[in-house]
Amino acid sequence: MCETVDILIVGAGFSGLCMAIQLRQAGMDSFLIIEKAEEIGGTWWYNRYPGCACDIPSHLYSFSFDRNPEWTRRYAEQPEILDYLRAAAQRHGVALRIRLKTPLREAAWDEQQGVWHAITGDGVRIAARVLVSGMGALHVPRYPELNGLERFRGPAFHSANWDSRVNLEGRNVAVIGTGASAVQFVPRIAPQAGRLYVFQRTPAWILPRPDGPIPERWRRVFRDVPGATSRSGGDAFSAMFPAQRGWSGRCFSGGSKRMSSGFWEIARCAG
Ligand SMILES: Cc1cc2nc3c(=O)[nH]c(=O)nc-3n(C[C@H](O)[C@H](O)[C@H](O)COP(=O)(O)OP(=O)(O)OC[C@H]3O[C@@H](n4cnc5c(N)ncnc54)[C@H](O)[C@@H]3O)c2cc1C
């Protein structure tokens, strides 16, 4: 069986969805998104650890053509970002063109016909004039190679595959790594864990994150003032949230800290 589309997009994260929406807006309808996961959202579907959120202000972490005045926090958390992506896919009419649980297995370019021959995981052949990769880089977890890990009897999982069935209350917890994910979930689990050990190889530089809820009165501004959420609206955003201005100010005046001290400061504040 062989299907034909003009454009085949691989991946239904921010990139694949953006591509599809832009195609529709340009009047091109012959496209299909194939997504190997059972849901759209890419990294925002895979990552569900406590405290999972964006690291740049939500108003800037949005499609430029689909600003969202309704963000409830300055740094939205994973469920809200995933909802935003789902709603955007519906709003722009691309949801029905996404085929879930459909991995791209191989693709070969046929020079003579000027066409890509793609084969999905279940053997379906798709011919496409253009193949667009929106496969992302961060959705495949990297597990550390630790001697004796196979003998460890307790639960062990990667933050990108968070096992929410495991109750950390009062338990000894070891976290390996101090990257962008650890900096988000360690402060969340610190109050629950009996003891928490964080193994750090290379201290990272971190900055304070002036997070907080966005009150309804500000959401009204983002809703009603044209351009308030647009890129130039980023300045308006900083003006509305002085702490945000302070953030970038300190960024250039040595306000960042090495993880070893700053990380624990954040963990303490959250705890
Ligand atoms: C916790 C976290 C916080 C982040 N915060 C920020 C931030 O604040 N600012 C920022 O700019 N970035 C941030 N990022 C980076 C984030 O990954 C990107 O911003 C963006 O979501 C990447 O989107 P993408 O569509 O390119 O890739 P992904 O979201 O990785 O999506 C790729 C999709 O392709 C699918 N796919 C892959 N291979 C195949 C295949 N062979 N067949 C079919 N489907 C396939 C995957 O299943 C996946 O759904 C963050 C990432 C994480 C994990």
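## A tour of the predicted model

Arg67 sits in the loop between H2 and H3. Ala228 is 161 residues away from Arg67 in sequence, yet their C-alpha atoms are 9.5 Å apart in space.

### The chain as a whole

The chain has 271 residues, and 24% of them are buried. It holds eight helices and 10 strands. Take the contacts in the chain with a separation of 6 or more: residues 24 or more positions apart account for 66% of them.

| Pair | Apart in sequence | Apart in space |
|---|---|---|
| Gln22 and His92 | 70 residues | 9.2 Å |
| Tyr46 and Leu138 | 92 residues | 9.6 Å |
| Arg67 and Ala228 | 161 residues | 9.5 Å |

Gln22 belongs to helix H1. With 14 C-beta neighbours inside 10 Å, Gln22 is partly exposed. Tyr46 belongs to helix H2. Tyr46 is buried, because it has 21 other C-beta atoms within 10 Å and the cut-off for buried is 20 or more. Beyond four places in sequence, Tyr46 is in contact with His139 and Ala160.

### The sheet

In what order do the six strands of the open sheet lie? The order is E3-E2-E1-E6-E5-E4, and the pairing is mixed. Strand E3 (98-99) and strand E4 (104-110) are the edges, each pairing on one side only. Helix H1 packs on this sheet. H1 touches strand E1 (2-10), strand E2 (31-34) and E6, and its direction makes about 115° with that of E1.

E6 has partners on two sides. E1 and E6 run parallel and are joined by eight bridges. In that pairing, Thr4 stands opposite Ala127 in E6. E5 (residues 115-120) and E6 (residues 125-133) run antiparallel, with four bridges between them. Here Trp116 stands opposite Ala128, and Ile119 has Arg125 as its bridge partner. E5 and E6 form a hairpin with four residues between the strands. Gly123 in this hairpin takes a positive phi near 85°.

Another positive phi occurs at Lys101, about 50°, although Lys101 is not a glycine. Lys101 lies in the loop between E3 and E4. How many other C-beta atoms lie within 10 Å of Lys101? There are 13, so Lys101 is partly exposed.

### The nonpolar core

The largest nonpolar core has 35 residues. Which of them touch the most other members? They are Leu8, Leu17, Ala20, Ile81 and Leu85. Several elements give two or more residues to this core: E1, H1, E2, helix H2 (43-46), helix H3 (78-91) and E6. Ala20 touches Ile9, Phe31, Ile33, Val94 and Arg97, not counting residues up to four places away in sequence.

### An enclosed helix

Helix H4 covers residues 182-189. Six of its eight residues are buried, so H4 is largely enclosed by the rest of the structure. Which residues of H4 are buried? They are Ala182, Val183, Gln184, Val186, Pro187 and Ile189.

### Around the ligand

The ligand is surrounded by 27 residues. The closest are Gly11, Gly13, Ser15, Gly42 and Gly136. By class, the shell has 13 nonpolar, 11 polar and three charged residues. Which element gives the most to this shell? Helix H1 (residues 14-25) does, with three residues.

Conventions:
Residues are numbered from 1 along each chain as its sequence is written. This is a predicted model: local features need pLDDT of at least 70, side-chain atom pairs count only at pLDDT 80 or more; totals for chains, interfaces and linings use all residues. A residue is near a molecule or strand if its C-beta atom, placed from the backbone, lies within 6 Å of it. Ala, Val, Leu, Ile, Met, Phe, Trp, Tyr, Cys and Pro count as nonpolar, Asp, Glu, Lys and Arg as charged, and the others, Gly among them, as polar. Two strands pair if DSSP finds at least two bridges between them. Two residues are in contact if their C-beta atoms, placed from the backbone, lie within 7 Å. Axes are lines fitted to C-alpha atoms, for helices over the stretch in contact, and angles run from 0 to 180 degrees between N-to-C directions. A nonpolar core is a set of buried Ala, Val, Leu, Ile, Met, Phe, Trp, Tyr and Cys residues joined through C-beta atoms within 7 Å. A residue is buried if 20 or more other C-beta atoms lie within 10 Å of its own, exposed if 12 or fewer, and partly exposed in between; C-beta atoms are placed from the backbone.
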